[in-house]
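Visitor: Please take me through this model, starting with the charged side chains.

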Amino acid sequence: MKANVSLLSIAFIVGLPFLTVYDIRLPLAIALALDIIGFVASLFLPSPPKEGGEIIHHNSKNVLALIKETRGTAFVPLALFSSVIAGCLLADSVFRVPYLISLGYPLVLAGVVMGASRFVWFLVGHNIEHLERIFTAKSLMLFDIVVFSAYYLLAAVFSNPYLIAIGFIVGVGYFWGRAEIYNDLIFEHIRDPRYKATMLSLRSQITNIMQIVIAFGL
Amino acid sequence: MVMTYSYRLGFAVIGAILLVSLSVIYVFGILPRLGEMEKVPSE
């Protein structure tokens, strides 16, 4: 589903600099029109049926207790592994286009980097079953170590902005496309299924901390 | 030119940190639990 949404957003991202040629307010007007359509559509969404109206109470656990519960499982290392990569990619996102422009990349093509990465995201997202068949958890993580380290090191070494832009497109698209595999892996290591949302939220907090540290370091 | 150099340095440092930190997490955190992970059904 996320992959389909990424495909829809491509036209708007790539078209943004071209639309401003006609009127600087045109992209904002289009975004406003889409927001209004979304708002009206949301008003017509049906509410989910309530079953009996009875609230089931259970003993709730705090976050520390949940972390203790994951001791011995692969949850923490998996969450850390995916969060370190996510933190780096989210933190460097604001530096990608300025870096490309400093190397001579045309400003009008800035949207192409993000738009094309959405297309790679769409392709990877739609072939995720093949990825899961090809890679075991072990080989996928090894592949990620190589891909994302190379993503940064090659961006630092190369001088051709178009080559670096292709690297950014493939790296970012692959990162978002394969993210669901990590969610599945993490879900499998949560002992109490009632706390899946809490644990995913905990993983997001780790990602945010990584992002802050890396953005500050940059 | 100075900006480009700064960006290059930033990307190189992140790449090196990523390589080291991911390798450490993989070797000391994930590999010891790999048997357990491979046993979990993927459904």
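Visitor: Is Arg25(A) buried or exposed?
Guide: Arg25(A) is exposed, with a relative accessible area of 58%. Here buried means under 20% relative accessible area, exposed means over 50%, and partly exposed is in between, with a 1.4 Å probe and protein chains only.

Visitor: Before going on, what sort of model is this?
Guide: This is a predicted model, in which local features need pLDDT of at least 70 and side-chain atom pairs count only at pLDDT 80 or more, while totals for chains, interfaces and linings use all residues. Residues are numbered from 1 along each chain as its sequence is written, chains are lettered from A and ligands numbered from 1 in the order in which they are written, and side-chain values use heavy atoms, with hydrogens and water left out.

Visitor: Back to Arg25(A). What does it form a salt bridge with?
Guide: Its partner is Asp23(A), with the closest N and O atoms 3.4 Å apart. A salt bridge is a side-chain nitrogen of Lys or Arg within 4 Å of a carboxyl oxygen of Asp or Glu. Asp23(A) is partly exposed, with a relative accessible area of 30%.

Visitor: Why would two such side chains pair at all?
Guide: Side chains of opposite charge can pair when their charged atoms come close.

Visitor: How many salt bridges are there over all chains?
Guide: The search of the whole structure finds 3.

Visitor: Which residue does Arg96(A) pair with?
Guide: Arg96(A) forms a salt bridge with Asp92(A), at 2.7 Å between the closest N and O atoms. They are separated by about one helical turn because they sit 4 residues apart in helix α4 (residues 75-102) of chain A. Helices (H or I, at least four residues) and strands (E, at least two) are DSSP runs, numbered from the N terminus. Both Arg96(A) and Asp92(A) are buried.

Visitor: And Arg178(A), what is its partner?
Guide: Asp144(A), with the closest N and O atoms 2.9 Å apart. This pair links distant parts of the chain, 34 residues apart: Arg178(A) is in the loop between α8 (161-177) and α9 (179-188) of chain A, and Asp144(A) is in helix α7 (residues 137-157) of chain A. Arg178(A) counts as buried because its relative accessible area is 2%, and Asp144(A) is buried as well, at 0%.

Visitor: Which residues does Ser149(A) touch?
Guide: Leaving out residues up to four places away in sequence, Ser149(A) touches Asp144(A), Gly15(B), Leu18(B) and Leu19(B). Contact means heavy atoms within 4.5 Å. Ser149(A) is in helix α7 of chain A and is buried, with a relative accessible area of 3%.

Visitor: Let's turn to the interface. How much area do chain B and chain A bury between them?
Guide: About 2,800 Å², of which 77% is on carbon and sulfur atoms. Buried area is the accessible area (1.4 Å probe) that two parts lose on being put together, summed over both. The contact takes 27 residues from chain B and 37 residues from chain A.

Visitor: What makes up the nonpolar surface patch?
Guide: Leu153(A), Leu19(B), Val20(B), Val24(B), Val27(B), Phe28(B) and Leu31(B) make a patch of about 590 Å². Patches are made of residues with over 30% relative accessible area and no salt bridge; like charges are joined within 9 Å, and nonpolar side chains (Val, Leu, Ile, Met, Phe, Trp, Tyr) within 5 Å. Helix α1 (residues 2-30) of chain B gives the most to the patch, with 5 residues. Phe28(B) is in that helix and counts as exposed, at 62% relative accessibility.

Definitions and conventions
Accessible areas come from the Shrake-Rupley method with a 1.4 Å probe; for residues, only the protein chains shown count as cover.
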